[in-house]
Amino acid sequence: MSEYWENVKNTAVKWVEEAGRMLKDSLHDSLDIQTKSNPNDLVTEMDYKVERYLTERIEQNFPGHKTIGEEEAGRNIASTEGVLWIIDPIDGTTNFVHQKYNFAISVAVVENGHGKVGIVYNVMQDEWFTAVDGRGAYLNDKKLPETCGPVSLPEAVIGLNGRWLARETRSDEASLHHMVRRSRSVRSYGTAAIELAFVACGRLDGYISFRLSPWDYAAGLVLLKETGITVTTFQGDSPSMLQQNTILAARPTLHEELTSYLYNHKGFTY
Ligand code: IPD
Ligand code: CA
Ligand code: CA
């Protein structure tokens with residue numbers, strides 16, 4: 001059966017490669033940029049174009065599969081039964097617009113809620129993070145280690161959302177400040193999919209975000225499972241594939257340590 005998912009992954013990689021070319025080509029033209037839920041929530045015509053390109057190919061080639069995408073696809077899907085593709089056509093749209101760098105296409109294939117294939121394509125760096133359930137995770141052609149050794153917070157570099165610098169009413173700020181001070185350093189790349197892939201390949205030791213959607217992390221979850229990284233919500237649950245979640249991804253020992261900072265809250269709701 002895992003041969004089947006390997007083939008699905010190889011097929012998806014070809015489509016993502018073509019979608020990546022579309023994104024690179026579009027950087028020479030002027031973009032149509034709009035806002036969604038708030039003035040910082042950007043979307044471009046390329047987000048829609050890439051999502052449509054991928055969903056059309058999935059519908060043609062895998063007619064029994066369902067698709068959820070950030071922009072349009074799968075709004076009525078309420079169950080993870082069967083095979084579900086979860087797509088973020090551009091993760092890091094703000095980077096795509098402002099920096100033309102540090103953005104990804106993220107594609108996951110999930111069967112009955114279990115991640116089978118994960119692809120995070122770091123477009124401008126041409127880096128492929130791929131994984132098939134039970135077959136390991138890869139950075140380009142290099143297999144990533146299946147387990148990772150312990151690390152403590154003073155030796156760890158943690159990925160955080162930059163907006164945490166603004167007042168964060170949903171957390172115990174003192175506890176967060178303490179955690180940041182105790183860490184070796186923090187980083188913020190503005191693309192959750194790449195940040196999770198960086199945890200999988202060891203460029204980051206952990207990643208924390210207050211609120212992400214399944215298309216931000218579904219592919220990352222497959223990579224992380226294959227590399228022995230623990231991923232949960234702040235409450236220690238498995239993240240849902242249909243709803244928004246808090247996300248805490250870290251090597252097992254560090255995950256425990258970080259949980260103590262995040263969960264050491266006094267009546268805060270996440
Ligand atoms: C965003 C990025 C960002 C994360 C946001 C996401 P988008 O995705 O992953 O790093 O902090 O919560 O919405 O909008 O660029 O696809
Ligand atoms: Ca995203
Ligand atoms: Ca997006």
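Predicted model: local features only at pLDDT ≥ 70, side-chain atom pairs only at ≥ 80, totals over all residues.
**Stop 1: the calcium ions**

Select ligand 3, a calcium ion, and show the residues around it. Its donors are Glu 70 (OE), Asp 88 (OD) and Ile 90 (O), at 2.2 to 2.3 Å. Donors here are N, O and S atoms within 2.8 Å of the metal (3.2 Å for Na, K and Ca), and since water is not among the atoms, sites may look incomplete. Along the sequence, the donor residues are spaced E-x17-D-x1-I. Glu 70 sits in the loop between S3 and strand S4 (83-91) and Ile 90 is in strand S4, so this pair ties together parts that are 20 residues apart in sequence. Helices (H or I, at least four residues) and strands (E, at least two) are DSSP runs, numbered from the N terminus. Ile 90 is buried, at 1% relative accessibility. Buried means under 20% relative accessible area, exposed means over 50%, and partly exposed is in between (1.4 Å probe, protein chains only).

Which residue coordinates both ions? Asp 88 does, and the two ions are 3.7 Å apart. Around ligand 2 you will find Asp 88 (OD), Asp 91 (OD) and Asp 216 (OD), at 2.1 to 2.2 Å. The spacing of these donors along the chain is D-x2-D-x124-D. Asp 88 lies in strand S4 and Asp 216 in helix H6 (residues 214-226), so the pair ties together parts that are 128 residues apart in sequence. Colour by accessibility and Asp 88 comes out buried at 0%, with Asp 216 buried at 11%.

**Stop 2: ligand 1**

Keep Asp 91 on screen and select ligand 1. There are 13 residues around ligand 1, and Asp 91, Gly 92, Thr 93, Asn 161 and Ala 192 come nearest; a residue is near if one of its heavy atoms lies within 4 Å.

Next, draw some distances to the ligand's oxygen atoms. A side-chain N or O atom of Asp 91 is 2.8 Å from an oxygen of ligand 1. Thr 93 uses a backbone N or O atom instead, 2.9 Å from a ligand oxygen. A backbone N or O atom of Ala 192 is also 2.9 Å from an oxygen of ligand 1.

**Stop 3: aromatic rings**

The model has nine aromatic pairs. Rings of Phe, Tyr and Trp (its six-membered ring) pair if their centres lie within 6.5 Å; planes under 30 degrees apart count as stacked, over 60 as edge-to-face and the rest as tilted.

Pick Trp 15 and Phe 62, an edge-to-face pair at 6.2 Å centre to centre with 70° between the planes. Trp 15 is in helix H1 (residues 2-26), while Phe 62 is in the loop between helix H2 (45-61) and strand S3 (66-69), 47 residues apart. Trp 15 is buried at 10% relative accessibility, and Phe 62 is buried at 14%.

**Stop 4: salt bridges**

The count is 14 salt bridges, each a side-chain nitrogen of Lys or Arg within 4 Å of a carboxyl oxygen of Asp or Glu.

Select Lys 9 and Glu 6, whose closest N and O atoms are 3.2 Å apart. Are these two buried or exposed? Both Lys 9 and Glu 6 are buried. They are three residues apart in helix H1, so about one helical turn separates them.

Move on to Glu 146 and Lys 143, where the closest N and O atoms are 2.8 Å apart. Lys 143 is partly exposed, at 37% relative accessibility. End on Lys 225 and Glu 226, bridged at 3.9 Å: Lys 225 is exposed at 55%, whereas Glu 226 is buried at 9%.

Notes. Residues numbered from 1 in each chain as written. Chains lettered and ligands numbered in written order. Heavy atoms only, no water. Polar contact = N/O pair within 3.5 Å; in protein donor to acceptor, adjacent residues only side chain to side chain.
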